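Have the sequence and the 3D view open as you read.

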Amino acid sequence: MLKLYEHQEKSINEIFKVFETEQRCLYQLATGGGKTVVFTALCKEFLSKNDKKILILCHRNELVEQTINTFVKLGITCEAITSKVKEAKHLSDIYVGMVETVYNRCKTNDKFFNEIGLIVCDECHLDVFEKCFKYFPKSKILGCTATPISMKRITFTKCQTCGSIDKSVCCGNQTYEYSKPFALASIYHNIVCGADICDLIEDGKLVKEVNYVTPYDKSKLVIDNKTGEFSNESIFESFSEKDLFNVIGNYEKYALGKKTIIFNANTQLNLVTYYKFLEKGYNIKLYDSVNTSDISRVELVEWFKNTPDAILCNVSIFTTGFDVTDVECVILNRPTASLSLFLQMVGRGGRITNKIYKPYFILIDGGMNIERHFSWSSKRDWEKIFYGENEKPKAKKERPEDVRICKECGFMYPKSENICPNCETEVVFLPKIKKESDVINVIQNEIPLPNGKAIRIYAESLNENRDFAWRILINQIFDLFILHEISKERFLKANSKERIQNLVSKCYYEIAKLDGTNRTNDYLTNKVLSKLEKYYGI
């Protein structure tokens, strides 16, 4: 049986309601909210009400197998449409295939699939699925994503006098060129929003982040109007020519020994960061499109899953389909203009787990992304974003004097272009990496206090006793002092022992409900004090 939460059942009912009047619907649900569970349950209900088949489109090969395994667990057979499949067998109610493969089969044989009643597109914000829709004009279409945002931008002209759109000349003047984000509402007719991140945290389905932010000069960052992301050149300028964000210093201060994933700005910075951690003897591996790794991606993920103090360096690779639940720290060693990418990167730390006790995770933001996008757990108006109402069109204000000269042919062209229009030579950006900063991040929000009931429930789930829970409590109180950056002087001047006793007291009776060794409040308080004194060198 597939057990659904209340918010998931509500979403399924709302999607079917949309399908009563509309052909296409987009479903938004935060990462960790069970998006796959929702569309799996919806498909099962659809099959019970209809005699038509379902087509599920994926954008990566590994997702095809994962999706099929999910349905098999429910007793629903699926037919995989891969590059090796030239003719469909039509023996199952659900087809699961890569979008490119499905598109190629439809182009060459419009009767390749039996009648399809529903198409489901996972990660539909990637905007790679629409080309298949024309082959299924009568099918219902469900797009699923955590972030209904397209990075694609639309360029158009607008008259400054009368506001007319898409005219080269109007009111006797040449029109201004503008750009705006592409709205997914132009593909899907309606949106159903599931529980937001803050709702899922409150319900215990996700864990909250503790934010640390490093300020830096972001004035050199420039948006590329074609992609909607910061241009590679401006990222190199602002993130390589400046003093480097002190990744190691912040890791050692806030996340030492915790399972950590680092997102770097580019492959060169990825390699530099990797070697800095390696030189200090930390358990680290890297993965990107340029630097070679001694193990495959699959092996790397398995290593990261099974290594408690693992550190993984990458460049925007492990943002989706990366199911490692015990990530304790996420480090953003890069800026991004993409809210979608920001949420995906940070979301790697938000999953709940029974592998470790994890009341929160640490986010170390070296790219001022929180200032740009607000915190990961902030409430967002996804409907406004879906309909493209969240951002006003921007004028393309490139100055005529902002040009570059091609090194190969000497041709002069706008600086916003990265390929010479005369000889097609591509611009190669070589970052000049200088010294590393010694700036340590500043905490942005409160750290959750130890929760005796939560610790007890976690211990019970692992069949552990009171001794195990006492150790968690001691470590939790110790972390409060370290993560709040309590100095040695402040620790000595303040009545720290009384503060520790109060924290122990609030958790004591819940933990004491477990079996195991009894400990007094004074014993536990002194254990915490001893650990802190050792840390401060007292």
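A residue is called buried when its relative accessible area is under 20%, exposed when it is over 50%, and partly exposed in between (1.4 Å probe, protein chains only). Keep in mind that this is a predicted model, in which local features need pLDDT of at least 70, side-chain atom pairs count only at pLDDT 80 or more, and totals for chains, interfaces and linings use all residues. Residues are numbered from 1 along each chain as its sequence is written, and side-chain values use heavy atoms, with hydrogens and water left out.

**Salt bridges**

Side chains of opposite charge can pair when their charged atoms come close. A salt bridge here is a side-chain nitrogen of Lys or Arg within 4 Å of a carboxyl oxygen of Asp or Glu. By this rule the structure has 16 salt bridges. Here are some of them:

| Pair | N to O distance |
|---|---|
| Glu14 and Lys10 | 2.7 Å |
| Lys35 and Glu123 | 3.8 Å |
| Asp323 and Arg351 | 3.6 Å |

Where do Glu14 and Lys10 sit? Both belong to helix 1 (residues 6-19), and because they are four residues apart, about one helical turn separates them. Helices (H or I, at least four residues) and strands (E, at least two) are DSSP runs, numbered from the N terminus. Glu14 is partly exposed, at 28% relative accessibility.

The salt bridge between Lys35 and Glu123 ties together parts that are 88 residues apart in sequence, since Lys35 lies in helix 2 (residues 35-49) and Glu123 in the loop between strand 5 (116-122) and helix 5 (130-133). Is Lys35 buried or exposed? With a relative accessible area of 12%, Lys35 is buried, and Glu123 is buried at 12% as well.

Asp323 and Arg351 form a salt bridge that links distant parts of the chain, 28 residues apart. Asp323 is partly exposed at 48% relative accessibility, and Arg351 is partly exposed at 24%. Elsewhere, Arg456, Glu460, Glu510 and Lys513 are linked in a network of salt bridges.

**Cysteines**

How many disulfides does the structure hold? There are zero disulfides, a disulfide being a pair of cysteine sulfur atoms within 2.5 Å. For Cys106, the nearest cysteine sulfur is that of Cys132, 6.0 Å away. Cys106 is buried, with a relative accessible area of 5%, and Cys132 is buried at 0%.
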